[in-house]
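Here's a quick tour for anyone opening this structure for the first time. Keep the 3D view handy and follow along topic by topic.

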Amino acid sequence: MSKISYCEALNKAIIQEMDRDPAVFIYGIGVPDHKEIFGSTAGILERFGSERCMDTPIAEDAMTGIGIGAALNGMRPIHVHIRVDFLLLAMNQLVNMASTISYGSGGKLNVPLVIRAVVGRGWGQGFQHSKSMHSTFAHVPGLKVIAPTTPRDAKGMMAAAIRDNNPVIILEHRWLYWQEEEVEDEPFTIELGKGNVLRQGSDLTIIATSWLNVEAVQAADILQKIHGVNVEVVDPRCFYPLDTELLVNSVRKTGHCIVADNDWIHCGFSAELAATIYEHCYEDIKSKVTRIGFAETPCPTARHLEDAFYPNTETLIRAVEEKLGLTEAELDSEKFFSHENRFKGPF
Amino acid sequence: MNLSITLYKKLLLIRAAEEAIINYYHEDEMKSPMHMSMGEEAVVAGVCHALSIEDQVLGTYRSHALYISKTQDTDTFFAEMYGKSTGTANGKSGSMHLSDPDKGMMVSSAIVSSSISTAVGVALANKMKKNNRMTVVFFGDGAIDAGVFWESLNFACLERLPIIFVLEDNGIAVHTSDKKRQGYDSISKVVAQYNCHNYEESTTDVESIYQLTQAVIDKVRTTSQPAFMKLSYYRYLEHVGINEDFHDNYRCEKEYEDWRVKDPIKVQRSRLLENSIVKESELIEIESNIYQQVEQSVSKAKQAPFSSIQTLYQDVFK
């Protein structure tokens, strides 16, 4: 075991998988350059050479198709996008090609392609560098869509994605890159489709995605301290396949559910989760499902507007208080996560 | 077997299969939109005859000729047209997504230009594996209007991939002529600026297309540079469907008549007889065998069972 960051965990998983399987290669805009995709591709060029660690033209559409073609021919490409927003240029390849080729060939072909995409936030990322898009991707049969939260998730789910025989989109929130924890040194996988209980509790369930899990755990700790309520935080980790059983069991136990999705609410993954909870726990829940997400606007750049756009720890605390009929706690003495404390740009 | 006879048989198999589609379509048992290859047989059969079974091809929704050229298999072809369990994809793909990867027929896409980049990826893998396989991607002149064609050509040239881009140029995208779509005069002149070999041919002679392709493959292999081939043909039928559509007045029937004189099957048949490569009686037997093969394939397809309803949920993931 070693204490490593989320970013180091991604890097280690990729290197270990490339060591294990010569069919794995990584490519994308800037992948081998000196910025090394925030450090996540560090050392790969030196270790495996430029044929297995490739820079590309700024041509997301074709480069996605090229990954699909290489995957059809027995390779296991990893295509990296420094922002999810850039992946939208490749929607045709994802939705018309990658997701359909196994089905449309009667299972004779398959596409073992991993697509890494970073979700940006803060320091003026604005409306074209900050989207999540997981609901859109997860809507399409034939795509697996995952979002590791912890460093251990990052390592085990990256390895599982690379070994998976299907297209897997892995969404990496930029702020999670600095999370640290003890992670096994040797290669391991976390099965895609298995969620994770990040904090045990008995009074209320917060189902959170991506970065909002960090906010949810902090909110739960503060609520425990101030109100003595015991909040369970459940992270689905995978949008597809979805660990319905884990989510349902938690809500059956606590009777209350807040869904905190790192995305817009309308037609989003939070709607899918709310519907899932109602379908399975209608008799068990003591209050309606509450959904928390981004403001229904493009993401603004100015800090004060951006702060209002994103839900945060306080948003979650207030939602729990309202749901459980608690008085609003004084939070002035609490220290919340501040992105600006550790990051000054450019991205 | 004599090359000229072999090529004639390959041409006729495509034509006979599509004539059978026309003959049986009215029964409404082939429930699939048909984008007919009629008119382009020499282009596809000529290029494919220069390939080995290990070489890989990708195409479009207009891939009847490509599938039959690469596989010589009309049984699975018709089974797929009829949506049967014995088809290429248990009836899930229909006419527009034919594939048989074991015979190098990889993917065909119904989204114009979408399989071009896929083909470049197939070629990239072949280069990485150093397996000497050639990849050929077929697309129409509508596809060169799309950005992804240029992105794909650029990357293939940059990485010196073993791939041939075959532009099956019929001068018309659905119903819109190239003159109304393209802000340049000659695609070949534009492509000439890229680091690839560049060829342009307008012929319905399958043998000359075959010989040209052989030379192109050799050039791609010896120079490690991709090639671009612009091969012109005339689309005999409507964009989608089994009928002629000259009454719609978006194109001129006179053009069709000019091309019909040099119909690829007719040209090759004349060669066989004029050069006394085969006696007419033998030729009639060859032709009758091909039509018989197609009729048998149709009949097998009609008799084959539909796949079970459970098949609906199979193969979304592997």
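This is a predicted model: local features need pLDDT of at least 70, side-chain atom pairs count only at pLDDT 80 or more; totals for chains, interfaces and linings use all residues.

- Two packed helices are described by the angle between their axes and the distance between the axes.
- Here, the axes of α3(A) and helix α6 of chain B, residues 147-158, come within 8 Å of each other and cross at roughly 65 degrees.
- Which residues meet at this spot? On the α3(A) side they are A:Asp61, A:Ala62, A:Gly65 and A:Ile66, and on the α6(B) side B:Gly147, B:Val148, B:Glu151, B:Ser152 and B:Phe155.
- Sorted by class, this helix contact has four nonpolar, three polar and two charged residues.

**Chain A against chain B**
- Zooming out, the contact takes in 33 residues of chain A and 34 residues of chain B.
- On the chain A side, α3 (60-72), α5 (91-98) and α6 (101-104) each bring at least two residues.
- Which element of chain A gives the most to this side? It's α3(A), with nine residues.
- The chain A side that touches chain B divides into 13 nonpolar, 17 polar and three charged residues.

**The two domains of chain A**
- Where they touch, domain 1 of chain A puts in 25 residues and domain 2 of chain A puts in 20 residues.
- On the domain 1 side, α7 (134-138), β6 (144-146), α8 (151-163) and β7 (168-173) of chain A each supply at least two residues.
- That side of domain 1 of chain A is made up of 13 nonpolar, ten polar and two charged residues.

**A five-stranded sheet in chain A**
- Five strands of chain A form an open sheet with mixed pairing, in the order β9-β11-β10-β13-β14.
- β9 (196-199) and β14 (290-294) of chain A sit at the edges with a single partner strand each, so one side of each has no neighbour in the sheet.
- From one strand to the next, the twist of this sheet averages 25 degrees.
- Strands β10 (204-208) and β11 (231-235) of chain A pair in the parallel sense over four bridges, and A:Ile207 stands opposite A:Val234 in β11(A).
- Helix α11 of chain A, residues 269-281, lies across β10, β13 (257-264) and β14 of chain A, and runs at about 160 degrees to β13(A).
- Helix α13 of chain A, residues 313-324, also packs on the sheet. This helix α13(A) touches β10, β11, β13 and β14 of chain A, and its direction makes about 165 degrees with that of β14(A).

**Chain B**
- Chain B has eleven helices and eight strands.
- Its radius of gyration is 19 Å, close to the 20 Å that the globule rule gives for 318 residues, so chain B is as compact as a globular protein of that length.
- Along its principal axes, the C-alpha trace of chain B spans about 55 × 50 × 45 Å.
- Six strands of chain B form an open sheet with parallel pairing, in the order β2-β1-β3-β4-β8-β7.
- The edge strands are β2 (105-109) and β7 (197-201) of chain B, each pairing on one side only.
- The twist in this sheet averages 15 degrees from one strand to the next.

Conventions
Residues are numbered from 1 along each chain as its sequence is written. Chains are lettered from A and ligands numbered from 1 in the order in which they are written. Two residues are in contact if their C-beta atoms, placed from the backbone, lie within 7 Å. Ala, Val, Leu, Ile, Met, Phe, Trp, Tyr, Cys and Pro count as nonpolar, Asp, Glu, Lys and Arg as charged, and the others, Gly among them, as polar. Two strands pair if DSSP finds at least two bridges between them. Axes are lines fitted to C-alpha atoms, for helices over the stretch in contact, and angles run from 0 to 180 degrees between N-to-C directions. The radius of gyration is taken over C-alpha atoms; the globule rule is 2.2 Å times the number of residues to the power 0.38.
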